Amino acid sequence: MISLRGGVPMSFGGSEDPTAYGELVSIGGLGPEINKQLSAAIAEILQTKLSVPPARFYIKFYDVKVNPHFYDIIWRGNVCWQLYS
């Protein structure tokens with residue numbers, strides 16, 4: 001799922017030139033190599049479609065491990081760990 005909000009006032013490095021910030025959440029499956037591949041793909045999209053150069057965005061990666069003590073993500077009315085047990 002991707003959500004984009006344009007027209008949000010943002011400053012990056014003291015400039016209001018095009019910039020972006022994103023958070024990518026995955027239930028398992030992230031890691032250094034995957035994050036590198038995803039970053040490259042996102043950078044290409046941001047640069048070609050939105051004119052945001054690679055040096056003007058941040059992406060925060062969250063790899064949520066599925067465990068019985070994690071209740072922060074709900075899908076189909078169940079906490080995620082219930083879906084995998």
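**Close-up views of a predicted model**

**View 1. Ser51 sits in the loop between α1 (32-50) and β2 (57-63).** Helices (H or I, at least four residues) and strands (E, at least two) are DSSP runs, numbered from the N terminus. Ser51 is not a glycine, yet its phi is positive, about 60°. Most residues other than glycine have a negative phi. This is a predicted model: local features need pLDDT of at least 70, side-chain atom pairs count only at pLDDT 80 or more, and totals for chains, interfaces and linings use all residues. Residues are numbered from 1 along each chain as its sequence is written, and side-chain values use heavy atoms, leaving out hydrogens and water.

**View 2. Val8, Met10, Tyr21 and Tyr58 make a nonpolar surface patch of about 410 Å².** Nonpolar side chains (Val, Leu, Ile, Met, Phe, Trp, Tyr) are joined within 5 Å, like charges within 9 Å. Areas come from the Shrake-Rupley method with a 1.4 Å probe; for residues, only the protein chains shown count as cover.

**View 3. Val8 belongs to the segment before β1 (20-26).** Val8 counts as partly exposed because its relative accessibility is 44%, between the cut-offs for buried (under 20%) and exposed (over 50%).

**View 4. The chain runs β-α-β-β-β-α from the N terminus.** That makes two helices and four strands. Of its 85 residues, 21% count as buried. The accessible surface of the chain is about 6700 Å². Carbon and sulfur atoms hold 57% of that surface.

Methods: Patches are made of residues with over 30% relative accessible area and no salt bridge: like charges are joined within 9 Å, nonpolar side chains (Val, Leu, Ile, Met, Phe, Trp, Tyr) within 5 Å. A salt bridge is a side-chain nitrogen of Lys or Arg within 4 Å of a carboxyl oxygen of Asp or Glu. Buried means under 20% relative accessible area, exposed over 50%, partly exposed in between (1.4 Å probe, protein chains only).
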